[in-house]
Amino acid sequence: TTWLTAHFKTTLAPFAVVLILLVPGPLMAQSVSGIVTDYRGYWKTTAGAPKPLRPTNNHNLLAFTFNGVQYSTGVDDELLYRKGETFTAADFWCLPVGALTGEITPNTKIGVGALFDGVSGGPGATPPENDMVRYLTDGIKGLNIGTCVANLPIGSLNFFVHSINATEIGDGKPDILVTQIPDPSGDYYDRYEFTDERGNRIGNYKDIVFNTIPTIGNWVGDFYEASQRPMTLVAPWIQTVRPIRLWAADLSEFGLNSSNIHLIRNFKINLSGRSDVAFVAYNKNGMGIGVLPVTLLNFDAVARQSNVQWQWESGTE
């Protein structure tokens with residue numbers, strides 16, 4: 001009996017471990033441990049030493065640290081060099097939004113820096129534009145980490161993806177970068193997955209519990225009510241301090257390989273109702289969003305002081 005008991009313990013122990021690993025559920029994310037942005041020219045903060053200075057307006061992500069390696073986004077590598085930063089050069093862009101489902105409620109907010117509207121401690125004369133897609137794709141390369149949509153409605157958020165580079169799968173470098181910039185509450189999780197053109201999952205999903213990810217810094221924001229047009233700003237959503245969190249992943253974490261990547265058309269987030277997203281970004285070396293056909297009737301670009309105003313009219317898209 002003693003031998004039999006010991007034999008079963010030894011034999012079954014490996015199988016018990018396998019069974020535990022196969023049970024689906026929320027997973028600990030590969031968190032980003034530090035970021036560099038262009039707030040006031042240069043702003044660096046880490047999980048171990050959050051920067052006391054808190055951004056109050058737009059700023060673009062210049063670099064982030066993932067698994068001990070700092071990667072640039074390509075927004076301003078020259079600035080990183082001048083500041084003496086050591087980094088692996090990369091090319092990140094926000095994913096274009098394909099579709100956002102779910103019913104907007106009074107809990108859905110457009111989050112902007114407290115000085116975004118030029119007024120501290122209250123709303124400006126003109127409220128920000130009520131356009132959720134805009135705040136998920138604004139800034140240089142769409143990487144503005146100073147605006148967001150908070151409490152995205154329960155439903156799904158889909159992003160266009162056209163191609164995956166098989167040689168980048170499993171190389172340990174980040175291919176997907178996700179932001180969470182107001183404060184998540186509870187042990188809720190969002191589910192992330194790649195899908196085909198009919199919405200079927202390709203590979204496996206990844207569940208992320210955001211309150212398990214360390215805060216790397218804080219910002220000060222106003223949160224306008226997105227269910228209203230024009231949007232309103234009322235207490236207690238005025239000039240509130242919120243944490244910044246990010247996570248990143250290699251494509252291999254989604255079960256992608258050379259036999260299934262040709263089916264991918266979207267990156268999908270199944271929203272819990274507590275998601276606070278500034279942007280979802282992709283590494284251009286590992287993924288592509290493709291070029292969609294359009295027939296232009298006219299196209300003009302006019303200089304307006306330091307900016308360029310683009311105007312066009314399309315016949316088909």
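A: Strand β8 pairs with strand β17 (residues 276-277) in the antiparallel sense, over two bridges. Strands here are DSSP runs of E, at least two residues long, numbered from the N terminus. Pairing requires that DSSP find at least two bridges between the strands. Ala150 stands opposite Asp276 in β17. Ala150 is also the bridge partner of Lys109. Strand β7 (residues 109-113) runs antiparallel to β8, joined by four bridges.

This is a predicted model: local features need pLDDT of at least 70, side-chain atom pairs count only at pLDDT 80 or more, and totals for chains, interfaces and linings use all residues. Residues are numbered from 1 along each chain as its sequence is written, and side-chain values use heavy atoms, with hydrogens and water left out.

Both faces of β8 (residues 147-150) are covered. Thr147 and Val149 are buried on one side, Cys148 and Ala150 on the other. Buried means under 20% relative accessible area (1.4 Å probe, protein chains only).

Next, the serine. Ser72 lies in strand β4 (residues 69-72). Ser72 counts as buried because its relative accessibility is 0%. Its side chain reaches the backbone nitrogen of Ala90 at 3.1 Å. Ser72 touches residues including Leu62, Ala63 and Phe92, not counting those up to four places away in sequence. Contact means heavy atoms within 4.5 Å.

Last, the cores. A nonpolar core is a set of buried Ala, Val, Leu, Ile, Met, Phe, Trp, Tyr and Cys residues joined through side-chain atoms within 4.5 Å. The largest has 41 residues, and Phe194 and Phe267 touch the most other members. Apart from it lies another core of 33 residues, among them Ala63 and Phe92.

Key: Buried means under 20% relative accessible area, exposed over 50%, partly exposed in between (1.4 Å probe, protein chains only). A polar contact is a pair of N or O atoms within 3.5 Å; within protein, one must be able to donate a hydrogen and the other to accept it, and residues adjacent in sequence count only if both atoms are side-chain atoms.
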